[in-house]
Amino acid sequence: MAAAPTQIEAELYYLIARFLQSGPCNKSAQVLVQELEEHQLIPRRLDWEGREHRRSFEDLVAANAHIPPDYLLKICERIGPLLDKEIPQSVPGVQTLLGVGRQSLLRDAKDCKSTLWNGSAFAALHRGRPPELPVNYVKPPNVVNITSARQLTGCSRFSHIFPSAAYQHIKMHKRILGHLYSLDRKHKNGV
């Protein structure tokens, strides 16, 4: 006889068996129910005197008639959105139970912290090129680190030298200055 499962483990076995019964895997569900009864993994029932008694899977289903067969699926569908409110994932809208890192359902705040690189990390070469920035690198690299890395290695990535955020800033400055220039010309011409 195996060690008695915890309450959560016993309930999970029950929910898995119910889920399998509701889908195309009825034979698997039957085998699982047989093994649950054989290894006494079904939670025992208590009588009115507090004594424990074995029960069958059918008794457990009858005692939990309020639990639909797709209850486990509904739990899985709700976990992701609840976790996203607390710790957002890296690719919003992608719902998967098999994710890793910031897409994992087991992620915590520590997994989502941005990676900090020192100057020597930018100077390291991988196949003759500077490394790509990690996905969770929030801020653009420091210009001093990039310049010193370029001096050490003789090469750098264009996206490191001139990040897209800098391009957006220059584009906005150009727009603002363009508007100011047209206002200045109108003011000088007395319009």
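Author: Let's start with the residues around the largest cavity of this predicted model: they are Gly80, Asp84, Gln89, Val94, Gln95, Thr96, Gln103, Leu105 and Arg107. Sorted by class, that lining has 5 polar, 2 nonpolar and 2 charged residues. The space in the largest cavity comes to about 30 Å³, and the structure holds 1 cavity of 30 Å³ or more.

Now for the largest pocket, which has a volume of about 510 Å³. Its lining is made of 25 residues, and Gln7, Ala10, Glu11, Ile42 and Pro43 are the ones nearest the centre of the pocket. By class, the lining of the largest pocket splits into 16 nonpolar, 5 polar and 4 charged residues. Helix H1 gives the most to this lining, with 7 residues.

H1, residues 7-22, packs against helix H4, residues 71-86, with the two axes 7 Å apart and at an angle of about 110°. Angles of 65 to 115 degrees count as roughly perpendicular, so H1 is roughly perpendicular to H4. On the H1 side, the contact is made by Leu12, Leu15, Ile16 and Phe19, while H4 brings Tyr71, Leu72, Leu73 and Ile75. This contact of H1 with H4 has 8 nonpolar residues, with no polar and no charged ones.

Definitions and conventions: Residues numbered from 1 in each chain as written. Predicted model: local features only at pLDDT ≥ 70, side-chain atom pairs only at ≥ 80, totals over all residues. Heavy atoms only, no water. Axes fitted to C-alpha atoms, helices over the stretch in contact; angles between N-to-C directions. Helix = DSSP H or I, 4+ residues; strand = E, 2+ residues; numbered from the N terminus. Parallel < 35°, antiparallel > 145°, perpendicular 65-115°, else oblique. Contact = heavy atoms within 4.5 Å. Nonpolar A, V, L, I, M, F, W, Y, C, P; charged D, E, K, R; others polar. 1 Å grid on protein atoms, 1.4 Å probe; cavity = no way out; pocket = protein on both sides within 12 Å on 5 of 7 lines; lining within 4 Å. Points joined across faces, edges and corners; volume = space filled by probe spheres on them.
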